[in-house]
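Me: I'd like to go through this one by asking what stands behind each label. Here is what we're looking at.

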There are 2 protein chains.
Amino acid sequence: MKNKPVDVSGNRLLSSLPPEELAKWLPDLELVEMPLGLVVYESGVTVRHVYFPVDSIVSLLYVMEDGASAEIAVVGNEGIVGIALFMGGGSMPNRAVVQSAGRGLRLSGKIMTEAFNRSSAVLHLMLRYTQALITQMAQTAVCNRHHSLDQQLCRWLLLSMDRLRGNELIMTQELIANMLGVRREGVTEAALSLQRAGLIRYARGHITVLDRPGLEARTCECYDVVRKEYDRLLPAIEAS
Amino acid sequence: MKNKPVDVSGNRLLSSLPPEELAKWLPDLELVEMPLGLVVYESGVTVRHVYFPVDSIVSLLYVMEDGASAEIAVVGNEGIVGIALFMGGGSMPNRAVVQSAGRGLRLSGKIMTEAFNRSSAVLHLMLRYTQALITQMAQTAVCNRHHSLDQQLCRWLLLSMDRLRGNELIMTQELIANMLGVRREGVTEAALSLQRAGLIRYARGHITVLDRPGLEARTCECYDVVRKEYDRLLPAIEAS
DNA sequence: GTGGGTCTGTGCGCTGCCATACACAACCGT
DNA sequence: ACGGTTGTGTATGGCAGCGCACAGACCCAC
C-alpha cells in the first residue's frame, strides 16, 4: 500500500469520479506495472481487483477449446477491467490480457463493490461505461460478420491508438492475428496494403501510424459507431 | 391501463422479482401484442418503455448503412428489452425487432428507472441479466469469426427454442438470413443439411426441431457458453 | 561475426460463402 | 381453377481467407 500520491488523471473513468469519492479510494489505489501478456483475469475465475489502465491496453478475448482466440473488446485509459465485479457475476467466460505494456491503477474488488453500492455517482458512471463497452462488443460481432480483414485491421488500430498516447504501437503481426482471430499471414497482407498506401509503417513489432485520417477513411462504419458511443456516454475529457 | 391481474409468471426476470416490488409494478404492467417485425426500439432513439417478452422473441440487430444487418443478441422470456434505460445511455446504436410473434409485458421507463434506483434487488437482478446478455453478445462475435454457417444456424435455433415453449418456430429462411447476416441461399443449404440429418423439419416458414440433442451435438461451443452463463447468472426456474 | 531465434513476406491449392440468376412448389384470393 | 405472391431449391463463377510450407530479413547473445 503506497502513501505517495497516486496520479489519477491518467484514467478517464477515475478522473471523472466526484472528488470526495475519489479521495476515499486514493489510499487503496495502487500503481502497478502491466507487462505484455499479463493475464489480468482468467475465464471463469472470480476477479479480486479491478484495474484502471493508464498507459496500457487490455484486451478481452475468448479462447476457444482448440486454442484459437478472438477479441471481444479492448480497454484502455478510458475504462476499467473487471466489470463482472459490480455486474454481479463475479467472473466472465473470457480472458483479459495486456495487449500493450504499461501501467494501471489497481483497486481491491471489495472497495470497488462497496463504492458501487454506496455511491450513485460511481454506479452511474460505471454503468454508462459498461454500456459503451457493450456497444464495442456488439460492433465487434457486426464487424466480424461483414467486413474485410483490411477494414478490421484499420478499426483495430484506431481503437488501440485512441487508448494510447503517441502514434506508435508495439505489437507483432502474430499477436494482432490472435486478437482479430485470423491467420498471421492475413495480417501481413493487410498490413502491407496499409503500408503501401502510406497509412502506417511496420517493422518487426513496431507499428507507426502515419496517416490517421487515411485509416479512418479506410475502416468500416463500426469504428465510428463505437467512437461516437464512447464520446456520448462518457464525460468529455480535454482534448489529448 | 388494465385492472385485470396480469400474469407475470411468463417472464423469468419479472417472476424473480421480490413480491413486494412486483406488487408496485402490477398496476402499470401492460400485456401487449408483439407482432412479427414490430420495431420495439430504433437505433439511437431514447427508449420510453421496457418490454418483458412472455412468448415472443425480440432480436437486437445492427443495421448497416448499406442495409445489411447482423444480430447482436436475442431476448425472450428470460429477459428484458431496453437495458439502455437503466444503464444510463437511454438509447443504443441498434434496433430491437420482434423475431417471433407473441406477447410481452410493457412497463413505462419512468417506473422502471425509479425501481432500479430505489430497490437494490431490482438493480442487482437487472445487472446480472445484463451481464448474461453481454456474454451472449461476446459469443456472437466469436461465433461470427470462427464458426461455420451450419454451426451458427444450430446455435441460433437452440437459442431461439430456449426462449419459447414448444419445438416449433415460425420463421422464413429469408428472416433467419437477416439475423445471421448471411445470404438466404446459405441458410437454405445449411437448413437442408440439418433436415437431411433428421434434426429439423422445414416447410415454408415453419421449422420443427425433431432432435434437440442432435442439434446440440452439431453446434459450436458458443451455445453452451451462453447457456451456462444464463443459468449461472439468473435465478433458477422450474424445469420447463 | 556467427549462429539461432524471431518476425515478416510469399506461393499454392482448398473451402466456404458471396452474387446472380432462375426453376419450381406451395399458398392465397377471387 | 387460375394467376400472383411468397418461400425454397439449385447452378455457376468468383473471391477472401485458410492451412501449409518455406524463404528471407532482422535482432540479439555468445
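Me: What makes chain B and chain A related as by a two-fold rotation axis?
Reply: Chain B can be laid on chain A by a turn of 180° and a shift of 0.0 Å along the axis, with an RMSD of 0.0 Å. The superposition is by least squares on the C-alpha atoms of residues with pLDDT of at least 70 in both copies. The two copies are thus related as by a two-fold rotation axis. As for the axis itself, A141(B) comes closest to it among the residues of chain B, with its C-alpha at 1.8 Å.

Me: Where do those pLDDT limits and the labels come from?
Reply: This is a predicted model, where local features need pLDDT of at least 70 and side-chain atom pairs count only at pLDDT 80 or more, while totals for chains, interfaces and linings use all residues. Residues are numbered from 1 along each chain as its sequence is written, and chains are lettered from A and ligands numbered from 1 in the order in which they are written.

Me: How do you know that the copies meet through the same surface?
Reply: Two residues are in contact if their C-beta atoms, placed from the backbone, lie within 7 Å. The contact takes 33 residues from chain B and 33 residues from chain A. On the chain B side, α5(B) gives the largest share, 15 residues. By class that side has 17 nonpolar, eleven polar and five charged residues. Here Ala, Val, Leu, Ile, Met, Phe, Trp, Tyr, Cys and Pro count as nonpolar, Asp, Glu, Lys and Arg as charged, and the others, Gly among them, as polar. Since 100% of the interface residues of chain B are also interface residues in chain A, the copies meet through the same surface.

Me: What makes a residue count as near a DNA strand, and which come nearest to DNA strand C?
Reply: Its C-beta atom, placed from the backbone, has to lie within 6 Å of the strand. There are 18 residues around DNA strand C, and T172(A), Q173(A), L149(B), V182(B) and G186(B) come nearest. The largest share of that surface, five residues, comes from α8(A). Sorted by class, the surface divides into five nonpolar, six polar and seven charged residues.

Me: And which residues are closest to DNA strand D?
Reply: Out of 17 residues surrounding DNA strand D, the closest are L149(A), V182(A), G186(A), T172(B) and Q173(B). The largest share of this surface, four residues, comes from α8(B). By class it has five nonpolar, six polar and six charged residues.

Me: Why are α7(A) and α8(A) called roughly perpendicular?
Reply: They pack at an angle of about 110°, with their axes 8 Å apart. Axes are lines fitted to C-alpha atoms, for helices over the stretch in contact, and angles run from 0 to 180 degrees between N-to-C directions. Under 35 degrees is roughly parallel, over 145 roughly antiparallel, 65 to 115 roughly perpendicular and the rest oblique. So α7(A) and α8(A) are roughly perpendicular to each other. In this packing, Q173(A), E174(A), I176(A) and A177(A) of α7(A) meet R184(A), G186(A), V187(A), T188(A) and A191(A) of α8(A).

Me: How do you know that β8(A) and β10(A) pair?
Reply: Pairing takes at least two bridges found by DSSP, and three bridges join β8(A) to β10(A), the two running antiparallel. Helices (H or I, at least four residues) and strands (E, at least two) are DSSP runs, numbered from the N terminus. One of the bridges has L169(A) partnered with I207(A) in β10(A). The open sheet has three strands in the order β8-β10-β9 of chain A.
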